[in-house]
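Colleague: Could we go through this model together? I have a few questions about how its pieces pack.

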Amino acid sequence: MQLKKDIVRYLRELRLVGIKDFYEEIAIQAVQEPLSYERFLYELLQKEYERRENNRIHRYLRESCLPLEKSFQTFDMNRLPGKIVQQTKVLAEGFFLEQKENVLVFGNPGSGKTHLVSAIGQELIHKGKKIYFILCYRLVQELIKAKQELTLSKIIGKLSKYDAIIIDEFGYVQQSREEMEVLFTFLAERYERGSIMLTSNLPFSQWEKIFKDPMVTAAAIDRLVHHSMILELNLSSYRMEKAKQKQSQTK
Ligand code: ADP
Ligand code: MG
């Protein structure tokens, strides 16, 4: 009895919760099968590892601010052209993060840009990467606030711990000069240091609307495109299609 109490106490203090919850069951299994000492140790360590890995994934998913309902489970890949399916598979492997490459997803509203990048983001978290999802206008708001509080470099430093920052709806809002400036600073600081994945309804030809100045626009595009993969979702709106299907069914 005392032995069991001590085992539990040690495991708790050493924070080996996975082993704590399973060692009795595995000890019984070890006698019955029987398991070698080495195999027994392996089984225990595996439980501990799985527990920690699961906890990590949950923590990273929570911290990521990703819309979790937009995953590959709920995504219909058949809607995508073959080339994009291929690109998606490559991106989900995550090698682009090591190369600090960017991913730029263009397409009309409802074509599935946000869903696709969110699904890729979740996949990458399962592979051990840190991802952060933010709407462009929110990012700009946070950067402006930080600039006013003289903490801009701090917030940029904080975001640098993520392997990829997903900026959704890039250039969606009409930006003032100050907003454009902090956004540009952010892109310039992150250039070749960490990946950016962005979605936008605006093709590059209209980015002057975002950055106002042609030189700044060119500099921003240049940095983003330099090491990047571009996905063009020239698809009809998923929402519209579903609504039409529904309508024709009720006719
Ligand atoms: P966008 O960001 O391009 O405007 P969204 O990713 O928000 O488009 O997609 C619009 C809606 O349609 C969302 O509810 C999304 O989940 C759904 N959707 C889009 N494409 C697909 C798809 N291929 N499979 C399943 N749902 C999709
Ligand atoms: Mg979107």
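This is a predicted model: local features need pLDDT of at least 70, side-chain atom pairs count only at pLDDT 80 or more; totals for chains, interfaces and linings use all residues.

Colleague: How are H9 and H11 oriented to each other?

Modeller: They pack at an angle of about 30°. Angles under 35 degrees count as roughly parallel. H9 and H11 are therefore roughly parallel to each other.

Colleague: Which residues in H11 does H9 meet, and how many residues of the contact are charged?

Modeller: From H9 come Met-180, Phe-184, Leu-187 and Ala-188, and they meet Val-216, Ala-219, Ala-220, Arg-223 and Leu-224 in H11. By class, the contact has 8 nonpolar residues and no polar ones, and the number of charged residues is 1.

Colleague: Turning to the sheet, which strands stand at its edges?

Modeller: The open sheet has 5 strands with parallel pairing, in the order E2-E3-E4-E1-E5. Two of its strands each have a single partner strand, so one side of each is left without a neighbour in the sheet. Those edge strands are E2 and E5 (228-233).

Colleague: Why is E2 largely enclosed by the rest of the structure?

Modeller: Strand E2 spans residues 131-135. It is largely enclosed because, of its 5 residues, the number buried is 4.

Colleague: Which residue in E3 stands opposite Leu-135?

Modeller: E2 runs parallel to E3 (residues 164-168), and 5 bridges join them. Opposite Leu-135 stands Asp-168.

Note on methods. Residues are numbered from 1 along each chain as its sequence is written. Chains are lettered from A and ligands numbered from 1 in the order in which they are written. Side-chain values use heavy atoms; hydrogens and water are left out. Axes are lines fitted to C-alpha atoms, for helices over the stretch in contact, and angles run from 0 to 180 degrees between N-to-C directions. Angles under 35 degrees count as roughly parallel, over 145 as roughly antiparallel, 65 to 115 as roughly perpendicular and the rest as oblique. Contact means heavy atoms within 4.5 Å. Ala, Val, Leu, Ile, Met, Phe, Trp, Tyr, Cys and Pro count as nonpolar, Asp, Glu, Lys and Arg as charged, and the others, Gly among them, as polar. Buried means under 20% relative accessible area, exposed over 50%, partly exposed in between (1.4 Å probe, protein chains only). Two strands pair if DSSP finds at least two bridges between them.
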